[in-house]
Amino acid sequence: MRNARIARFSKLYHTAKVLRPEQILYRVYYRFAKIKPYNATPVSKNPSFDLANPPRWSSSRITEDGQFDFMGNKAAIEWHSEELPKIWQYNLHYLDHLTARQKHHSSLSETELVNSWITANPPFDGCGWEPYTLSLRIVNLVKWLQMQPHLDPLWLESLAVQAHALSQRIEYHILANHLFVNGKALVFAGSFLQTVEAENWLTTGLKILNREVKEQFLTDGAHFELSPMYHASLLWDMCDLLNLALNAKISALKSHIPEWRRVIEQGIIWLRSMQHPDGEIPFFNDCAFGIAPTLRDIESYAALLDCQPMADVPHASSIGAICHTESGFAHIAFGEGSKALLNFAQVAPAYQPGHTHADTLSFELSVFGQRVFVNSGTSQYGDDSERHRQRSTAAHNTVEIDGENSSEVWAGFRVARRARVSLTTFESSADAVRLVCSHDGYQRLKGKNLHTREWNASRNTLQINDCVTGAFDKSIVRFHVHPEASVTQNDNDMTITLASGEVVSVSITGAARISIANTTWHPEFGKSVANQCIVAELSSDILITRITW
């Protein structure tokens with residue numbers, strides 16, 4: 001019991017010591033402060049507001065019979081359900097489907113949906129009034145209201161009350177993408193509405209964005225939470241902001257156009273680099289398909305805004321690589337639909353690593369346009385054992401020592417002691433790429449272990465050398481295989497047969513034992529797919545894995 005208390009105190013200390021003072025102060029303040037009542041003032045639409053009709057996209061849908069469908073859960077719309085997962089309820093309250101591409105007509109009209117939400121959700125109670133939920137819904141409502149031939153005063157008044165509530169609960173205690181979407185929502189509400197408070201909302205929103213755009217988008221184009229999924233989501237937000245700045249006759253927005261355009265262009269270039277040949281994101285940190293727009297969606301939206309970065313130039317050599325040193329990722333392109341994506345990122349941002357996994361020095365690989373090695377993905381949020389497992393080192397293609405995680409991920413969105421990564425070598429020539437990194441995440445263990453991983457790439461070959469210094473009881477390397485591929489083992493050699501019939505060979509040297517384990521892959525929220533995993537236990541301090549195709 002005493003050891004458990006000490007361990008918990010250690011986690012709390014190492015988690016809290018990197019927080020910003022404003023996070024602590026606002027967490028205490030919001031615990032006691034009440035949202036001030038909204039003083040009703042005349043509300044109308046600002047005639048200066050305009051928005052080019054944006055592409056319609058959503059991660060959820062309303063079915064033909066009027067049910068809400070998300071995460072594989074389809075149920076009648078119940079705004080305050082105790083039965084369904086919290087994330088399902090949040091997505092219902094976002095009202096994303098107001099701006100969705102529906103392939104069918106629903107028995108529940110958009111007008112009925114909006115009126116139902118207003119009637120069932122009086123201020124300021126329930127998850128529909130939490131700041132993040134407010135932020136996403138406010139933008140969706142503004143986009144929808146812009147398209148309506150007639151604006152019901154009830155809708156405008158509700159939007160004003162929601163913007164007021166958000167302005168009283170800006171997420172300075174969380175920061176990161178939450179604060180960004182707070183700022184975006186206040187800009188949209190402050191631009192769309194004409195009311196006494198609207199100018200203050202616009203000013204506050206722009207002040208937040210002035211700070212956060214500079215901080216959250218790195219110079220290599222990546223979003224600083226280092227999740228390709230959140231990167232795509234925030235790029236879509238940036239397109240919305242550029243759309244507004246270009247079309248609304250609001251002078252306060254115009255000066256931001258050059259910076260916002262640059263962020264979108266650099267962000268698209270980074271996301272292109274981090275795509276698998278199938279056109280979808282890899283699974284580093286919290287990532288899943290279907291939650292954020294795809295690269296193709298974002299490029300289409302950006303093109304409507306005359307924001308089109310140069311197309312990628314094909315590699316003239318047989319192999320090519322790009323190393324994003326600031327964000328900590330690299331890609332190696334082998335040609336013929338074969339590509340490796342490497343992760344040597346730090347845990348970031350230091351003060352809000354809520355979407356971090358213990359996946360340091362992991363990688364993913366596609367061959368002949370098909371995924372071969374995959375990290376395990378994200379099927380849920382929350383604070384249960386499955387969430388913990390999906391964030392663990394064991395759920396990723398990297399080295400686990402003595403059953404511990406490379407970074408101390410805990411609870412649903414917390415990280416205590418973190419791996420620090422060093423990139424020591426990046427060499428790229430016409431026919432070979434070499435990248436060497438190490439991390440100290442295991443130096444807290446009794447063996448004070450250091451993990452160094454070296455990737456060597458040549459034509460149709462990827463060799464991975466793992467070195468672990470210091471004593472250990474058990475050091476394990478895992479290679480999670482895509483569900484559509486199958487693995488057969490012959491001693492130290494494995495054959496992976498892809499769905500299309502092509503074959504990938506894996507040869508491992510330096511293992512005390514190798515086995516094929518059954519595990520699960522999580523490509524979407526609410527989805528679990530059976531797959532196989534190659535598990536190799538080091539016999540000494542070095543293990544060499546050679547992958548050829």
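Reader: Is Ala100 buried or exposed?
Author: In this predicted model, Ala100 is buried, because its relative accessible area is 3% and buried means under 20%.

Reader: Where does Ala100 lie?
Author: Ala100 is in the loop between helix H3 (86-94) and helix H4 (110-120).

Reader: Which residues is it in contact with, leaving aside neighbours within four places in sequence?
Author: Ala100 is then in contact with Arg56, Trp57 and Ser58. Ala100 and Ser58 are 42 residues apart in sequence, yet their C-alpha atoms are 4.8 Å apart in space.

Reader: Turning to the strands, how many residues of S18 are buried?
Author: Seven of the seven residues of strand S18 (residues 475-481) are buried, so the strand is largely enclosed by the rest of the structure.

Reader: Which residues are on each side of S18?
Author: Ser475, Val477, Phe479 and Val481 are on one side, and Ile476, Arg478 and His480 are on the other. Both faces of S18 are covered, and these residues are all buried.

Reader: And which strands does S18 pair with?
Author: One partner is strand S11 (residues 399-401), which pairs with S18 in the antiparallel sense over three bridges. Another is strand S23 (residues 529-538), joined to S18 by six bridges and also antiparallel. Val477 in S18 is the bridge partner of Val399, and Val477 has Ala536 in S23 as a bridge partner as well.

Reader: How many bridges join S20 to S19?
Author: Five bridges join S20 to strand S19 (residues 486-490), and the two strands run antiparallel. Gln489 stands opposite Met494 in S20. S19 and S20 form a hairpin with two residues between them, and Asp491 in the turn has a positive phi of about 60°.

Reader: How does S20 pair with S21?
Author: S20 and strand S21 (residues 503-509) run antiparallel and are joined by five bridges. Thr497 has Val503 in S21 as its bridge partner. The hairpin of S20 and S21 has five residues between the strands, and Gly501 takes a positive phi near 100° there.

Reader: Changing topic, which residues have the most contacts inside the largest nonpolar core?
Author: They are Ile138, Phe180, Met229, Met238, Leu253 and Trp260, in a core of 112 residues. Helix H9 (residues 228-247) gives the most to this core, with twelve residues.

Reader: What is Phe180 in contact with, neighbours within four places in sequence aside?
Author: The contacts of Phe180 include Leu209, Val213, Phe217, Leu234, Met238 and Leu241. Glu212, Gln216 and Asp237 are also in contact with Phe180.

Reader: Which residues does the second core include?
Author: The second core is separate and has 47 residues, among them Cys323, Phe344, Leu361 and Val421.

Reader: Finally, which residues make the nonpolar surface patch of about 370 Å²?
Author: That patch is made by Leu19, Ile24, Val28 and Phe32. Ile24 has its place in helix H2 (residues 21-32). Ile24 is partly exposed, with a relative accessible area of 44%.

Methods. Residues are numbered from 1 along each chain as its sequence is written. This is a predicted model: local features need pLDDT of at least 70, side-chain atom pairs count only at pLDDT 80 or more; totals for chains, interfaces and linings use all residues. Side-chain values use heavy atoms; hydrogens and water are left out. Two strands pair if DSSP finds at least two bridges between them. Helices (H or I, at least four residues) and strands (E, at least two) are DSSP runs, numbered from the N terminus. Buried means under 20% relative accessible area, exposed over 50%, partly exposed in between (1.4 Å probe, protein chains only). Contact means heavy atoms within 4.5 Å. Patches are made of residues with over 30% relative accessible area and no salt bridge: like charges are joined within 9 Å, nonpolar side chains (Val, Leu, Ile, Met, Phe, Trp, Tyr) within 5 Å. Accessible areas come from the Shrake-Rupley method with a 1.4 Å probe; for residues, only the protein chains shown count as cover. A salt bridge is a side-chain nitrogen of Lys or Arg within 4 Å of a carboxyl oxygen of Asp or Glu. A nonpolar core is a set of buried Ala, Val, Leu, Ile, Met, Phe, Trp, Tyr and Cys residues joined through side-chain atoms within 4.5 Å.
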